[in-house]
Number of protein chains: 2
Amino acid sequence: MTATSQRYWDADAREILRVNEGFVLTSVDPEATPGYSGDKEQSAEDLAAGAQELSELQERLYAQSRVDATDASVLLVLQAMDSAGKGGIIRHVVGSVDPQGIALTSFKKPTPEELAQDFLWRVEKRVPEPGFIGVFDRSHYEDVLIGRVRELAPPEEIERRYGAINDFEKRLTDAGTRIIKVMLNISYEEQRARLMERLERPDKHWKYNPGDVDERAMWPHYMSAYQTAFERTSTEYAPWHVVPANRKWYARLAVQALLLETIEVIDPQWPPANFDIAEEKERLAAT
Amino acid sequence: MTATSQRYWDADAREILRVNEGFVLTSVDPEATPGYSGDKEQSAEDLAAGAQELSELQERLYAQSRVDATDASVLLVLQAMDSAGKGGIIRHVVGSVDPQGIALTSFKKPTPEELAQDFLWRVEKRVPEPGFIGVFDRSHYEDVLIGRVRELAPPEEIERRYGAINDFEKRLTDAGTRIIKVMLNISYEEQRARLMERLERPDKHWKYNPGDVDERAMWPHYMSAYQTAFERTSTEYAPWHVVPANRKWYARLAVQALLLETIEVIDPQWPPANFDIAEEKERLAAT
């Protein structure tokens, strides 16, 4: 199923961006725009049309949940290297939906309280309720990404986590949550250019952290940790999608398409009245 | 200070909508559009211009908080009778801001766990952090509104709450939170028309609840409870604003103006770099 509102989107984003057996991260071109035959200019129109559709689909899903007519929810997991565009996705794609239907969590460095618990403890608490689109800006995957690269836990604990993540995601899926896992894939060169822009522009300085360059020095290690995470946790019920992200406009369209296709499959309908309409009209008219 | 981006807005919304000594709720005209000289058509343009400005002001405020350069936050408290338009305010005014800077809480009927605690317990947990615009869709005021009308607590406990609310809001304000308290004021007739529309339209049935008519029967009691809440809790540091809301477009503009004026007073600036820019450029270029 393709996102019907995006005119120049001509493939099933969930298929073509999906991490399947044999996937090799380093062979993906971050400049590419797979599935989209339009250009940057057309993308703005398509994004706006998609926003309209996403907004309506989300409202229907939310409506169903309000009358206990569905247990469906969506969870968008966003992972990426610094400056890859997570913030832009949240602002321009997620931001087009009614905030009342969004449950956004930005996972930061764990607090001492969080560190004293299992790594999934803080994540469990942020799972979206029925009717909501949950968004994780970073996620439990940090615990097998920076956790692995920076050796923040013993190797056997890191190993254990892949299985724990799969169990967790299976349970969520069984309970009605559609999980969309996205890695925004920028190139090493593109990251340099974007970090440099943050250094050039006074209105971007606050986004820059000297630690970003230290993390950048570990780039190949991160790519390897992502590759391992994909191999161990791209499951049938919660597959990974790698979205080429050097072109911001493409990445936004692609993530919007993933959301649209997912909710189109749920196919939420306006729930029927669970009261007697004629009787209520009478009662109301009498007031 | 007027919201500079709204061309047809010609007053300080915080002044003209404010609940001052001697205020009488039932003498306010819910059809009125005080402070705005444009019409519905112009309002769309003004709302869009205001959204742009609000978005930028919010990002600056957020940026400052990220480098610990401010303890300022904003808390918008929305109270109203059913169908008065809280949802529309959240969708069309709050929804124009980057979701990363919004902390929205919809307060429902308290859970047994919440009821076992002081009424402010669940509210304290949802106070916005520095840099955020917190939004309360219903709030601690329910505990002196429906709480009073439906006698959900003993009279002396209801009485105690006004003072507790003032203490709480004073503490918040002292910690850097600007509190904007808004009551959306629709007329009894307008509510009937809106509830009837929910009964007429299949895509609105989910928003209707037979209990709405029961609450409507208590209308004068609610107006009286609002009047008392205004008298007891419209303070210098956290005044109430009553926004005429029969015209949805006006209410949205007015709440946007309240937000704009509040953040304009904070006057957030892009924070300066807290690192050596030249040195970082060199480090980055070397990668």
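In this predicted model, Lys86(A) and Asp137(A) are joined by a salt bridge, with N and O 2.8 Å apart. The partners come from distant parts of the chain: Lys86(A) belongs to helix α3 (residues 86-92) of chain A and Asp137(A) to strand β3 of chain A, 51 residues apart. Both Lys86(A) and Asp137(A) are buried.

Another salt bridge in chain A pairs Arg247(A) with Glu31(A), whose closest N and O atoms lie 3.6 Å apart.

In chain B, Arg122(B) and Glu114(B) form a salt bridge with an N to O distance of 3.1 Å. Arg122(B) has a relative accessible area of 10% and is therefore buried, whereas Glu114(B), at 21%, is partly exposed. Salt bridges can also share partners: Asp118(A), Glu157(A), Arg160(A) and Arg161(A) are connected in this way into one network. Over all chains, the count of salt bridges is 52.

Other charged residues gather on the surface. Lys125(A), Arg126(A), Lys125(B) and Arg126(B) make up a patch of positive charge there. One of them, Arg126(A), lies in the loop between α5 (121-124) and β3 (133-137) of chain A. Its relative accessible area is 37%, so Arg126(A) counts as partly exposed. Patch members must have over 30% relative accessible area and no salt bridge.

Note on methods:
Residues are numbered from 1 along each chain as its sequence is written. Chains are lettered from A and ligands numbered from 1 in the order in which they are written. This is a predicted model: local features need pLDDT of at least 70, side-chain atom pairs count only at pLDDT 80 or more; totals for chains, interfaces and linings use all residues. Side-chain values use heavy atoms; hydrogens and water are left out. Patches are made of residues with over 30% relative accessible area and no salt bridge: like charges are joined within 9 Å, nonpolar side chains (Val, Leu, Ile, Met, Phe, Trp, Tyr) within 5 Å. Accessible areas come from the Shrake-Rupley method with a 1.4 Å probe; for residues, only the protein chains shown count as cover. A salt bridge is a side-chain nitrogen of Lys or Arg within 4 Å of a carboxyl oxygen of Asp or Glu. Lys and Arg count as positive and Asp and Glu as negative; His and the chain ends are not counted. The place of a charge is taken as NZ of Lys, CZ of Arg, CG of Asp or CD of Glu. Helices (H or I, at least four residues) and strands (E, at least two) are DSSP runs, numbered from the N terminus. Buried means under 20% relative accessible area, exposed over 50%, partly exposed in between (1.4 Å probe, protein chains only).
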